[in-house]
Amino acid sequence: MDRDDWLATRFEQERGHLRAVAQRLLGSAGEADDAVQETWIRLNRVDPDTVDNLGGWLTTVVSRVALDMLRSRAARREHGAAPPAELAARPGTAGDPADEAELADSVGAALLVVLDTLSPAERLAFVLHDTFAVPFDEIAAILGRSPNATKQLAMRARAKVRGSAGPAAADPARQRAVVDAFLVAARSGDFAGLLALLDPEVDLRADGVAVGMGSPERIRGAEAVAGSFSGRARNARPALIDGGPGMVWVVGDRLRVAWEFVVEDGRIVAIDMLADPETLGGLVVTVLDGPAGG
């Protein structure tokens, strides 16, 4: 069997799983087929000998393709464009009846409606982890986030899906208050105030672009993280990032850096510093009222 035949055979063995992942993520049988086809195209661009786990690689690729489609869909909604008719399709409406019936059976119409309220990142973290048991570190690599932040995304999504603010979803207002207090302490150089808001084992991670801008790749421990922020962040603004607490640096109308916070029991346990334009472009960001700094 030559390379092309082998690849085609292996891909067909994974097709059902890939389509299931794409359908759960996208809520559209037609878009799922498009995502699977794009995955096949990307597979043909790589050397299979460089892929250790082909099944895992294909799941990652189809998830990234679906994430891009979700982000594009969110951008269209943000600009007032109507979503494609197939996204609202249910059995008996537009789309192939057999495909839509299969989708409704496997996902449930009510769940599809709830999933559409999630940010693309929340949706991906929740579906991949809770439905397909993909580990958070693998999902984090797809999203360009840390495992801690990815776990928090899934927790928020899970709470929304359940329609409750149970133990998995801490009070958003309290989380925002912690990050707002952190920003005030950082600007004023209140080192003790920063320490009081940070978990002793807090973990600050910066993506590759942020590292290129001069940030350390990783800082661990409350004193080290407090030292890195004390007297700084004067141009940062408080924000919601994919529904969670954060702050951003915006130049003109361009988002340059986002800091995403994970808050547990009133303390900050992790911070992701995101500067990669591709990652930033996929965030759902709401800049909140607050002093702009100077």
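Contact means heavy atoms within 4.5 Å. The model is predicted: local features need pLDDT of at least 70, side-chain atom pairs count only at pLDDT 80 or more, and totals for chains, interfaces and linings use all residues. Residues are numbered from 1 along each chain as its sequence is written, and side-chain values use heavy atoms, with hydrogens and water left out.

**Exercise 1. Overall make-up**

Task: State the share of contacts with a separation of 6 or more that comes from residues 24 or more positions apart.

Solution: 
- Step 1. Residues 24 or more positions apart account for 63% of the contacts with a separation of 6 or more.
- Step 2. Helices (H or I, at least four residues) and strands (E, at least two) are DSSP runs, numbered from the N terminus.
- Step 3. Buried means under 20% relative accessible area, exposed over 50%, and partly exposed in between (1.4 Å probe, protein chains only).

**Exercise 2. The nonpolar cores**

Task: Find the residues that touch the most other members of the largest nonpolar core.

Solution: 
- Step 1. A nonpolar core is a set of buried Ala, Val, Leu, Ile, Met, Phe, Trp, Tyr and Cys residues joined through side-chain atoms within 4.5 Å.
- Step 2. The largest one has 37 residues, and Leu124, Leu128, Ile139 and Leu143 touch the most other members.
- Step 3. Helix 3 gives the largest share, nine residues.
- Step 4. Another core lies apart from this one; it has 29 residues, among them Val178, Val202, Val257 and Ile268.
- Step 5. Now take leucine 128. Leaving aside neighbours within four places in sequence, leucine 128 contacts Val21, Leu25, Ser63, Ala133, Val134, Ile139 and Ile142.

**Exercise 3. Arginine 73**

Task: Is arginine 73 buried or exposed? Which side chain does its own side chain contact?

Solution: 
- Step 1. Arginine 73 lies in helix 3 (residues 54–78).
- Step 2. Arginine 73 counts as buried because its relative accessibility is 3%.
- Step 3. A polar contact is a pair of N or O atoms within 3.5 Å; within protein, one must be able to donate a hydrogen and the other to accept it, and residues adjacent in sequence count only if both atoms are side-chain atoms. The side chain of arginine 73 makes such a contact with the side chain of glutamate 31, at 2.7 Å.

**Exercise 4. Strand pairing**

Task: Follow the pairing from strand 7 to strand 3, on to strand 4, and then to strand 5.

Solution: 
- Step 1. Two strands pair if DSSP finds at least two bridges between them.
- Step 2. Strand 3 and strand 7 run antiparallel, joined by three bridges. Alanine 239 has valine 287 as its bridge partner in strand 7.
- Step 3. Strand 3 (residues 237–241) and strand 4 (residues 244–251) are antiparallel, with five bridges. Proline 238 pairs with methionine 247, and arginine 237 with valine 248.
- Step 4. Six bridges join strand 4 to strand 5 (residues 254–264), again antiparallel. Here valine 248 has alanine 258 as its bridge partner.
- Step 5. Valine 285 is in strand 7 (residues 285–287). Not counting residues up to four places away in sequence, valine 285 touches Ala239, Leu240, Val248 and Leu255. Valine 285 counts as partly exposed because its relative accessibility is 29%.

**Exercise 5. Positive phi**

Task: Where do aspartate 242 and aspartate 265 sit? Is aspartate 242 buried or exposed? Is aspartate 265 buried or exposed?

Solution: 
- Step 1. Most residues other than glycine have a negative phi.
- Step 2. Aspartate 242 is in the loop between strand 3 and strand 4. Its phi is positive, near 50°. This hairpin has two residues between the strands. Aspartate 242 is buried, because its relative accessible area is 1%.
- Step 3. Aspartate 265 is in the loop between strand 5 and strand 6 (267–274). Its phi is also positive, about 55°. Aspartate 265 is exposed, because its relative accessible area is 83%.
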